[in-house]
Amino acid sequence: MEYPRFFRLCWDNLLTLMGLNLLFLVCSVPLVTLPASLTALAGAGQALLEGEGAALRHFLRVFRRELFRAMPAGFAILLLEAAAVWGCLFYRGASTGLLPMALSVFCLVCAYIVFCAGAYCFNMLARVELSFAGLVRNSFALVFMCPRPLFTWLLLSFMLPLAGAFLLPHSVPLLALLLISGSGLAAARGTLPAVCEYVERK
């Protein structure tokens, strides 16, 4: 599935994506459920990509199933992401000069790598049963084993919420209705082939 077919899928399921976006926000209100919400969004994205339908019911089913199992690996990924983003912002605002700028860029690259690893992690959680160590190890291994999605689908997935954050407060309606579920669907498109080939078959 290339970009025209992907955007056609988004258009054909626009109301479903809006529903998923709102459902994700509601289920993430207690922050402790954020890993399960991200896993459920990944599972719903996989259902849309595979033409299974009933994406909203699939979201709720995965959310209930993974509510506790997603917490260890999910929070590990989210904490790493928060640390990398904090480092990027800290060095960017610390002082002028080449070294702080270089460190800020390095932290940004680390944040993107962790984001991509998180995309693999939550899509694996939605599909296969692995230990905490297996999830984390496979998440980072697939980032480097499959570099192409880093510059295509995962980059799109990263840019959608980032653009929404930069355009606040004007982007609040889009963030509330579409950008998060669209990002999740792009992440599922980028990670699903590798998860099926390297993890699920084993």
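Good morning. Nine aromatic pairs are counted in this structure, which is a predicted model. Let me take one of these pairs as an example. The ring centres of tryptophan 86 and phenylalanine 90 are 5.0 Å apart and the planes lie at 15°, so the pair is stacked, the limit for that class being under 30 degrees. Both residues belong to helix 5, where tryptophan 86 and phenylalanine 90 are four residues apart, about one turn of the helix.

The largest pocket has a volume of about 1000 Å³. Helix 6 provides the largest share, with eight residues. In total, 32 residues line the largest pocket, and those nearest its centre are Glu81, Phe115, Phe158, Pro161 and Leu162. Sorted by class, this lining has 25 nonpolar residues, five polar and two charged.

The second largest pocket holds about 220 Å³ of space. It is lined by 13 residues, and Arg148, Pro149, Thr152, Trp153 and Arg189 are the closest to its centre. Here the largest share of the lining comes from helix 9, with six residues. Its classes divide into seven nonpolar, two polar and four charged residues.

I stay with helix 9 for a moment, and with the loop that lies between helix 8 and helix 9. Proline 169 is found in that loop. What kind of peptide bond joins leucine 168 and proline 169? The bond is cis, with omega about 0°. For context, most peptide bonds are trans.

Finally, I turn to the packing of helix 3 against helix 4. The axes of helix 3 (residues 34-49) and helix 4 (residues 55-66) come within 8 Å of each other and cross at roughly 145°. The crossing of helix 3 with helix 4 is right-handed. On the helix 3 side, the contact is made by Ala36, Ser37, Thr39, Ala40, Leu41, Gly43, Ala44, Ala47 and Leu48. On the helix 4 side, the contributors are Ala55, His58, Phe59, Val62, Phe63 and Glu66. By class, this contact has 10 nonpolar residues, four polar and one charged.

Thank you for your attention.

Note on methods:
Residues numbered from 1 in each chain as written. Predicted model: local features only at pLDDT ≥ 70, side-chain atom pairs only at ≥ 80, totals over all residues. Heavy atoms only, no water. Axes fitted to C-alpha atoms, helices over the stretch in contact; angles between N-to-C directions. Helix = DSSP H or I, 4+ residues; strand = E, 2+ residues; numbered from the N terminus. Left-handed = near helix turned anticlockwise from the far one by under 90°. Contact = heavy atoms within 4.5 Å. Nonpolar A, V, L, I, M, F, W, Y, C, P; charged D, E, K, R; others polar. 1 Å grid on protein atoms, 1.4 Å probe; cavity = no way out; pocket = protein on both sides within 12 Å on 5 of 7 lines; lining within 4 Å. Points joined across faces, edges and corners; volume = space filled by probe spheres on them. Phe/Tyr/Trp six-rings, centres within 6.5 Å; stacked < 30°, edge-to-face > 60°.
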